[in-house]
Amino acid sequence: MSGGDTPSSAPADDASAICAQIASVFSAPSTHPAACSVLVAELAAAASRGGRVFVHGVGREGLMMRALCMRLAHLGLHAHCVGDVTAPPASPGDLLVASAGPGAFSTVDAICGVARGAGARVLLLTAQPEGDFPRRQADAVAHLPAQTMADDQDEEDGAAPAQGSSQAKLPMGSLYEGAMFVLFEMVVLELARVLGQSPAQMRARHTNLE
């Protein structure tokens, strides 16, 4: 940048546009109960009955699920990521929280089937709650009405946004994945209140092997 140039406002504009897109997910109309309420109710019920909580997702959705799992452990729940070598077997009284933003993934479908066969309850987080998979495999559905790769609305010509544009549009499934992170922070705040867990109690459960 030369001495006469001024810093571009594009990063701040893009950040504001992205945050606005994510916020709009939580005001979008839906005929289903609020996703946060569904998740808090199911997780609190699992905690009250002493059940374990398993989380599962693929790709970037899976990364968001792992972040949720960490906070659930901080809240004192017995939380595990499906596929981890220390994950115990699922059994009656347990809860599987799975994500399938576009409505279905073959691997997520299979994991849900195994969990149900073992007697665990299945909560599915998805942007497409009306499909066959939620009806067939989920005991509860949390609807997150965000764009996924199932309904990506990229421009037909594939043109990238112009440099400095304040109209940044999240591609592919990024809106759903970003909304997952915000949703899970909302869930953790409410679940902490429901379970009577303070920030100090949560911090005490954080690993010291870092």
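The protein has an average pLDDT of 90 in this predicted model. A score of at least 70 is reached by 88% of the residues. Residues 159-166 stand apart as a stretch where pLDDT stays under 50. For residues 159-166, the model has five contacts beyond four places in sequence. Where pLDDT is low, the predicted coordinates should not be read in detail.

Helices H3 and H6 pack against each other. Their axes come within 9 Å and cross at roughly 10°. Angles under 35 degrees count as roughly parallel, so H3 is roughly parallel to H6. From H3, the contact draws on Arg 60, Glu 61, Met 64, Met 65, Leu 68, Arg 71 and Leu 72. H6 contributes Ser 174, Tyr 176, Glu 177, Met 180, Phe 181, Phe 184, Val 188 and Leu 191. By class, the residues of this contact comprise ten nonpolar, one polar and four charged.

The whole structure was also searched for cavities. One cavity of 30 Å³ or more was found. The largest cavity holds about 40 Å³ of space. Two elements, helix H3 (59-74) and helix H6 (174-195), each give two or more residues to its lining. The lining consists of Met 64, Ala 67, Leu 68, Arg 71, Phe 181, Phe 184, Glu 185 and Val 188. Six of these lining residues are nonpolar, none is polar and two are charged.

Methods:
Residues numbered from 1 in each chain as written. Predicted model: local features only at pLDDT ≥ 70, side-chain atom pairs only at ≥ 80, totals over all residues. Heavy atoms only, no water. 1 Å grid on protein atoms, 1.4 Å probe; cavity = no way out; pocket = protein on both sides within 12 Å on 5 of 7 lines; lining within 4 Å. Points joined across faces, edges and corners; volume = space filled by probe spheres on them. Helix = DSSP H or I, 4+ residues; strand = E, 2+ residues; numbered from the N terminus. Nonpolar A, V, L, I, M, F, W, Y, C, P; charged D, E, K, R; others polar. Axes fitted to C-alpha atoms, helices over the stretch in contact; angles between N-to-C directions. Parallel < 35°, antiparallel > 145°, perpendicular 65-115°, else oblique. Contact = heavy atoms within 4.5 Å. pLDDT = per-residue confidence, 0-100.
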